[in-house]
Amino acid sequence: MSLKLVQHAKNAGLGQAIKTGFTTFLGISKEGDFLAAMDCDNTQPPELLIKMYETMIAGSYDIAIASRYRKGSKVIGLSKFREVMSYGASWLFRIAARVPGVRDYTCGYRLYNRTFVSKLDMYYGESLFTESGFACMIDLLLKAKPLKPKIVEIPMVLRYDEKPSASKMKIIKTITRTLKLLFKNLTSAAPTAANLGKTFNQQETARISLKITNRK
């Protein structure tokens, strides 16, 4: 087992951290691997990854989400305001921009199948990550939606009482960005299956041509 540490010279925000993680993973991983994303502040139980992985393998899922809104889930130590805000966002997106299989749109504790991450990268390229703050997790799910991912949620016990420092989330900014994402999703035309297939075929052809050109 090898470990590769990737750091930013200064804090560039959650969105940039996620982007760096995804691009690094695609560069060093192989087919059949999985990408895990989680907070490292004692709030999210790392042992849950085992159940997430086993569930994904058993059901051939593309994404597994550690959810606060499934039977058996529990949130400990979160302020009532933050709890209501998160729950409200969950219902808002379930009603207005539903992604099948998802109740928890904002939790970043997820496990991704490399095959699906490659599809996202192939389709969106540099435009996959455009949010710098906490809204990037919602944005990622909304961008995944046209590719029809198979998603499963695993109940999680979230321990905010174990968090060593106060949250760095800027609440007003996050709410504003979240509402803008919802409006954008409702007003933009979703890619059709035909267009998605055409895009993948074009990009695969471009890659094949590039390989042929680079041959000696």
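Which residues form one aromatic cluster? Phe 22, Tyr 112 and Phe 129 do so, in a predicted model whose local features need pLDDT of at least 70 and whose side-chain atom pairs count only at pLDDT 80 or more, while totals for chains, interfaces and linings use all residues. Residues are numbered from 1 along each chain as its sequence is written, and side-chain values use heavy atoms, with hydrogens and water left out.

The structure holds seven aromatic pairs, where rings of Phe, Tyr and Trp (its six-membered ring) pair if their centres lie within 6.5 Å, and planes under 30 degrees apart count as stacked, over 60 as edge-to-face and the rest as tilted. Two of these pairs, both edge-to-face, are tabulated here.

| Pair | Centre to centre | Angle between planes |
|---|---|---|
| Phe 22 and Phe 129 | 5.2 Å | 65 degrees |
| Tyr 123 and Tyr 124 | 4.7 Å | 85 degrees |

Phe 22 and Phe 129 are both buried, a term that means under 20% relative accessible area, with exposed over 50% and partly exposed in between (1.4 Å probe, protein chains only). Tyr 124 is likewise buried, because its relative accessible area is 17%.

Charged side chains also meet aromatic rings: Arg 94 lies over the face of Trp 91 at 4.2 Å from the ring centre, and the charged end of Lys 150 sits over the ring of Tyr 61, 4.8 Å from its centre. The criterion is that NZ of Lys or CZ of Arg is within 6 Å of the ring centre and within 35 degrees of the ring normal.

Phe 81, by contrast, counts as exposed, because its relative accessibility is 52%.
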